[in-house]
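My notes follow in the order I looked things up.

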Amino acid sequence: MSPVQLGEVLPEADLIHDRATLEAAITDMADTIRADYDGETAPLFITVMHGGMPFAAQLAFALGERGLDLEFDYLHATRYRGNTSGARLAWLHRPATSMRGRRVLLADDILDEGHTLLAIRQWCEDQGAADIRVAVLAVKIHDRRVEGIEADYVGVEVPDRYVFGYGMDFQEQGRNLPAIYALKA
Ligand SMILES: O=P(O)(O)OC[C@H]1O[C@H](OP(=O)(O)OP(=O)(O)O)[C@H](O)[C@@H]1O
Ligand SMILES: Nc1nc2[nH]cnc2c(=O)[nH]1
């Protein structure tokens, strides 16, 4: 069966946060992070692929602009794999840089039920990271979050619906839309 095309769902979708709102939220977040990391050596900045890429890039520039250097690496752990509901977490890539004794800043697009970031955070702890913080562009508002994970830095809140755009996919489409949309309820 051929996948549903983005062009079929986008006209019916609701715009949740436009580009200007998201850019402003990332700028505000950078101010907070910069203050928290004052005087530190460069934290290890881990982009959670794929969805975290646009947000992480923008946050990294905003932090650079504020004088905070970052060492880059990335990981890819996915449990949605193009679907609209989560399954078992699959690790597709782990960072090559040693985390032992490092301050680690994770950048991801969304904290939803939290399974993904909980497992990632746990793995970073197991690698010996000295401090782990989580920055997400969006947090989904519901009461299904697993225990033991929260974001230290949040850009915006999104409703309890499947969202896409700004890194987040609709069936692997729409990640480069510069706004967040929710599928028609
Ligand atoms: O809080 P959770 O319910 O665990 O969901 C959040 C995760 O889901 C998305 O990743 P996805 O599995 O879609 O991988 P992708 O980034 O490659 O699309 C998103 O990037 C988060 O990492
Ligand atoms: N694209 C997308 N990925 C997710 N991962 C967890 N929740 C979501 C969501 O609402 N949209």
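**Entry 1: the open sheet.** I began with the open sheet of 3 strands, whose order is E1-E9-E8 and whose pairing is antiparallel. E1 and E8 (163-164) stand at its edges with a single partner strand each, so one side of each has no neighbour in the sheet. I note that this is a predicted model.

I then checked how E8 meets E9. The two run antiparallel and are joined by 2 bridges. Phe-164 stands opposite Tyr-181 in E9.

**Entry 2: Ile-180.** I stayed on strand E9, where Ile-180 is found. Is Ile-180 buried or exposed? I count 27 other C-beta atoms within 10 Å, so Ile-180 is buried; the cut-off for that is 20 or more.

Next I listed its contacts, leaving out residues up to four places away in sequence. Ile-180 touches Ile-16, His-17, Leu-22, Ala-138, Val-158, Val-163, Gly-165 and Tyr-166. I also took a distance to Leu-106. From C-alpha to C-alpha, Ile-180 and Leu-106 are 20 Å apart in space, and they are 74 residues apart in sequence.

**Entry 3: helix H2.** H2 covers residues 19-36, which is 18 residues. Its first and last C-alpha are 26 Å apart, close to the 26 Å expected at 1.5 Å a residue.

An α-helix has 3.6 residues a turn, so residues three or four places apart point the same way.

**Entry 4: strand E5.** Why do I call E5 largely enclosed by the rest of the structure? I do so because 8 of its 9 residues are buried.

I looked up its pairings next. E2 and E5 run parallel, with 4 bridges joining them. Leu-106 in E5 is the bridge partner of Ile-46. E5 also pairs with E6 in the parallel sense, over 8 bridges. On that side, Asp-108 stands opposite Val-136 in E6.

**Entry 5: ligand 1.** How many residues surround ligand 1? I count 20, and the closest are Gly-51, Thr-78, Tyr-80, Asp-112 and Thr-116. By class, this shell has 6 nonpolar, 8 polar and 6 charged residues.

I traced the shell back to the elements. E2 (44-49), E5 (103-111) and helix H4 (115-126) supply at least two residues each. The largest share, 4 residues, comes from E5.

**Entry 6: ligand 2.** Around ligand 2 I list Tyr-80, Ile-110, Asp-112, Tyr-162, Val-163, Phe-164, Met-168 and Asp-169. By class, the shell has 6 nonpolar and 2 charged residues, with no polar ones.

Two of these names took me back to earlier entries.

Definitions and conventions
Residues numbered from 1 in each chain as written. Chains lettered and ligands numbered in written order. Predicted model: local features only at pLDDT ≥ 70, side-chain atom pairs only at ≥ 80, totals over all residues. Near = placed C-beta within 6 Å. Nonpolar A, V, L, I, M, F, W, Y, C, P; charged D, E, K, R; others polar. Expected span 1.5 Å × (residues − 1). Pairing = 2+ DSSP bridges. Buried ≥ 20, exposed ≤ 12 C-beta atoms within 10 Å, placed from the backbone. Contact = placed C-beta atoms within 7 Å.
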